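Welcome, and thanks for taking a look at this fold with me.

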Amino acid sequence: MKISTKGRYGLTIMMELAIKYGEGPTSLKSIAEKNGLSEHYLEQLIAPLRNAGLVKSIRGAYGGYILSREVGSITAGDIIRVLEGPISPVDFTEEDDPAKRDLWIRIRDSIADVLDSTTLSDLINFKEESRADNYMFYI
């Protein structure tokens, strides 16, 4: 399964809104400028996120978008499914060998498990641990 720019940019939008959660609305223009993305493309992505109830729009001079739920209750799976559709590495057919079909199902379920167990809170609080610190070299 390959996540397209729709899914990747959608996660970017949602992470930016999560960072600003509780501070009021955030404009798509500010998200686009901060991340070097097309504001027009982000406008196309925000509509399905709003229709799915993940974000709310706030009108007015200082308007923009806010998350409709707590940061810890929205998962990467929620976002990816809205923008990419069902999570499936292949289209299942009745012709598939049962062993291959079982493999595809296990892959699908593993991907879904990772996406559904990763919240926006996890993403915005992610700290990359440096691997260089794990090695000691002697000369």
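This is a predicted model: local features need pLDDT of at least 70, side-chain atom pairs count only at pLDDT 80 or more; totals for chains, interfaces and linings use all residues.

As general background, nonpolar side chains tend to be buried together in soluble globular proteins.

Not counting residues up to four places away in sequence, I79 touches G10, L11, M14, L49, L54, I74 and L120.

## The overall layout

Stepping back, the protein has 6 helices and 2 strands. Read from the N terminus, the order of elements is α-α-α-β-β-α-α-α.

Of the 139 residues of the protein, 27% count as buried. The exposed surface comes to about 9,400 Å², and carbon and sulfur atoms supply 51% of it. If you take the contacts between residues at least 6 apart in sequence, 64% of them join residues at least 24 apart.

## Where α3 meets α4

Now for a helix pair. Two packed helices are described by the angle between their axes and the distance between the axes. For α3 and α4, the angle is about 115 degrees and the axes are 10 Å apart. The crossing of α3 past α4 is right-handed.

Which residues make the contact between α3 and α4? On α3 they are L45, P48 and L49, and on α4 they are I79, V82 and L83.

## One aromatic pair

A search of the whole structure turns up 1 aromatic pair. The partners are Y9 and Y41, arranged edge-to-face, with 5.6 Å from centre to centre and 80 degrees between the planes. This pair links distant parts of the chain, since Y9 lies in helix α1 and Y41 in helix α3, 32 residues apart.

Are these two tyrosines buried or partly exposed? Y9 counts as partly exposed because its relative accessibility is 23%, and Y41 also counts as partly exposed, at 21%. Both values can be set against the cut-off, as buried means under 20% relative accessible area.

## Two buried spots worth a visit

E16 sits in helix α1. With a relative accessibility of 9%, E16 counts as buried. Leaving aside neighbours within four places in sequence, E16 is in contact with I31, K34 and N35.

The other spot is G63, in the loop between β1 (55-58) and β2. G63 is buried too, with a relative accessible area of 17%. Apart from neighbours within four places in sequence, G63 is in contact with P25, S27 and I58. For P25, the separation along the chain is 38 residues, while the C-alpha atoms of G63 and P25 are separated by 5.7 Å.

Conventions: Residues are numbered from 1 along each chain as its sequence is written. Side-chain values use heavy atoms; hydrogens and water are left out. Contact means heavy atoms within 4.5 Å. Helices (H or I, at least four residues) and strands (E, at least two) are DSSP runs, numbered from the N terminus. Buried means under 20% relative accessible area, exposed over 50%, partly exposed in between (1.4 Å probe, protein chains only). Accessible areas come from the Shrake-Rupley method with a 1.4 Å probe; for residues, only the protein chains shown count as cover. Rings of Phe, Tyr and Trp (its six-membered ring) pair if their centres lie within 6.5 Å; planes under 30 degrees apart count as stacked, over 60 as edge-to-face and the rest as tilted. Axes are lines fitted to C-alpha atoms, for helices over the stretch in contact, and angles run from 0 to 180 degrees between N-to-C directions. A crossing is left-handed if the near helix is turned anticlockwise from the far one by less than a right angle, and right-handed if clockwise.
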